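I opened my notebook today to look up a protein structure piece by piece. Here is what I wrote down, in the order in which I looked.

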Amino acid sequence: MGKKIILLGATGSIGVQTIDIIREHPEQFSLTGFSAGRNMELARKIIKEFEPEIVCVQNEQDAEALSREFPRTAFVFGGRGLIETAVYDADVLVNAVIGSVGLEPTLEAIKLGRTIAIANKETLVTAGHLVMESAKRYGAEILPVDSEHSALFQSLNGEKLEQATKLILTASGGSFRDSNRDQLKDVTVKEALDHPNWSMGAKITIDSATMVNKGLEVIEANVLFDFAYDDIEVLLHRESIIHSMVEFQDTSVMAQLGTPDMRVPIQYALTFPDRLPRPNAKRLNLAEIGKLHFREMDYVRFRALQLAFDAGRTGGTMTTVLNAANEQAVALFLDGRIKFLQIEEIIERAMDAHNPILSPDLETILHVDSETRKTVLNMLK
Ligand code: NDP
Ligand code: MG
């Protein structure tokens with residue numbers, strides 16, 4: 001029957017690609033349960049195809065309607081339901097929800113010693129120390145799904161962590177990599193949603209355009225691999241072929257390369273330490289690509305990345321503020337209520353207004369998260 005998988009965020013971009021992998025390898029994987037938000041059309045299709053034991057949706061009414069339609073599946077809803085689904089008996093929990101709503105389900109699954117494949121980077125940014133400390137305490141394995149972190153993880157395989165000197169994250173530059181700050185003033189939501197290399201959910205596509213995504217990833221790398229911020233570098237690499245690199249003390253650099261396809265790192269998180277074939281996947285053809293380009297990161301042009309390094313170095317609740325302010329600002333931008341450059345302005349103002357609390361507990365983090373969202377909404381008044 002293979003590995004039993006619980007998938008949070010099944011109706012999202014990472015969720016759908018995780019389901020592709022489960023479908024491609026029926027002997028290796030089965031979908032025991034999943035969560036969806038509001039996309040009931042897709043949720044119904046997934047239930048019909050996989051007949052899972054448990055399903056969580058955001059609204060109670062949707063859960064009731066589904067339970068009349070599919071009497072063999074248990075339906076739960078909302079925040080509590082997400083936790084019930086996360087702790088449901090399985091071999092791997094894939095966390096592919098968007099935003100800090102993924103935090104509590106992750107912490108509860110960790111308490112059961114579950115293996116967690118984590119795409120949900122906001123959870124690691126908002127409360128990385130809680131996640132990693134309790135993973136250690138309960139013996140839960142945390143496997144990265146984010147392509148850069150999967151690349152770092154693979155480049156570190158079989159190596160001694162203390163002999164690695166630098167983590168080098170590559171950045172495509174997002175939708176506006178060739179625009180200057182002046183040209184960013186009046187960009188539209190539609191333009192921002194047009195990513196050159198990756199097809200992803202709306203929020204992370206905006207995060208890539210603002211470079212907040214790389215900032216979240218720098219913090220994610222600090223959390224997952226315990227590297228100091230001075231030892232994490234970001235390199236512009238427009239082709240997204242080298243997914244990230246690790247430098248060692250003898251100056252050797254290990255990199256992981258591939259076509260930009262999230263199913264590769266997702267699958268690796270599901271099969272680690274093994275690898276499975278990907279029958280219909282496009283192979284990397286470097287001769288066809290010909291050239292790879294690299295450029296030094298410009299922290300003035302990409303102000304948000306500087307803010308993320310600042311938040312990470314400050315530590316404590318400052319990364320919670322960075323994340324919550326960004327989540328709220330991106331939602332406002334997608335709603336057409338603020339302009340593109342206001343996203344980083346809002347993050348900076350929220351960080352300036354915050355007195356960080358070091359080593360916060362869960363309650364403090366949840367409080368700071370919700371207060372920050374309110375602060376951001378108040379800025380609009
Ligand atoms: P999407 O927006 O495509 O999907 C998000 C998923 O979460 C959907 O299933 C959505 O449900 C669900 N959801 C949204 N809000 C809530 C909520 N309040 N409560 C419960 N469920 C909710 O996101 P992505 O797949 O793009 O990203 C998921 C995570 O993976 C993010 O943390 C992102 O940063 C990270 N990531 C994504 C990559 C990508 O290629 N997309 C690459 C690397 C990392 P519904 O749609 O049904 O409402
Ligand atoms: Mg990434």
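**Entry: a record**
I began with the UniProt record, an unreviewed entry, which places the annotation "domain: 1-deoxy-D-xylulose 5-phosphate reductoisomerase C-terminal" on residues 142–225. I noted that UniProt positions are given here in the numbering used for this model, that feature names are shortened, and that annotations may be inferred rather than shown by experiment. Over residues 142–225 I found 49% helix and 13% strand, with the end C-alpha atoms 11 Å apart. Helices (H or I, at least four residues) and strands (E, at least two) are DSSP runs, numbered from the N terminus.

**Entry: ground rules**
This is a predicted model, in which local features need pLDDT of at least 70 and side-chain atom pairs count only at pLDDT 80 or more, while totals for chains, interfaces and linings use all residues. Residues are numbered from 1 along each chain as its sequence is written, and chains are lettered from A and ligands numbered from 1 in the order in which they are written.

**Entry: two domains**
Next I looked up the division of the protein, which gives domain 1 (3–144) and domain 2 (149–260 + 299–314). These bounds come from an automatic or database domain assignment. Taken over C-alpha atoms, the centres of domain 1 and domain 2 are 26 Å apart.

How many residues of domain 1 are in contact with domain 2? I found 10 residues of domain 1 in contact with 12 residues of domain 2; two residues are in contact if their C-beta atoms, placed from the backbone, lie within 7 Å. On the side of domain 1 that touches domain 2, the elements giving two or more residues are α6 (121–138) and β7 (142–144). Helix α6 gives the most, with 5 residues. I sorted the residues of this side into 6 nonpolar, 3 polar and 1 charged. For that sorting, Ala, Val, Leu, Ile, Met, Phe, Trp, Tyr, Cys and Pro count as nonpolar, Asp, Glu, Lys and Arg as charged, and the others, Gly among them, as polar.

**Entry: the core**
A nonpolar core is a set of buried Ala, Val, Leu, Ile, Met, Phe, Trp, Tyr and Cys residues joined through C-beta atoms within 7 Å. A residue is buried if 20 or more other C-beta atoms lie within 10 Å of its own, exposed if 12 or fewer, and partly exposed in between, with C-beta atoms placed from the backbone. The largest core has 107 residues, and Ala308 and Ile347 have the most contacts inside it. Its largest share, 8 residues, comes from helix α15 (residues 318–334). I also saw that this core draws at least three residues from each of domain 1 and domain 2. Leaving out residues up to four places away in sequence, Ile347 touches Ala304, Leu307, Leu322, Ala325, Asn326 and Ala329.

**Entry: helix α1**
I checked the length of α1 (residues 13–24): at 1.5 Å a residue its 12 residues should span 16 Å, and its end C-alpha atoms are 17 Å apart, which agrees. The expected span is 1.5 Å times one less than the number of residues. Among the buried residues of α1 are Ser13, Ile14 and Ile19. The cover over its buried residues includes β1 (3–8), β2 (29–35) and α12 (263–271). I counted Ile19 as buried because it has 24 C-beta neighbours inside 10 Å. Beyond four places in sequence, Ile19 is in contact with Ala10 and Ile46.

**Entry: binding site**
UniProt (unreviewed entry) lists a "binding site" at residues including Arg38 and Glu122. Are these buried or exposed? Arg38 is exposed, because 12 other C-beta atoms lie within 10 Å; its place is the loop between β2 and α2. Glu122, in helix α6, is buried, because 25 other C-beta atoms lie within 10 Å. Not counting residues up to four places away in sequence, Glu122 touches Gly99, Ser100, Gly102, Asn323 and Glu327.

**Entry: backbone notes**
The peptide bond from Phe272 to Pro273 is cis, with omega near 5°. Pro273 is in the loop between α12 and α13 (286–289). Met211 has a positive phi, near 75°, in a residue other than glycine, and I found Met211 in the loop between α10 (202–210) and α11 (212–225).
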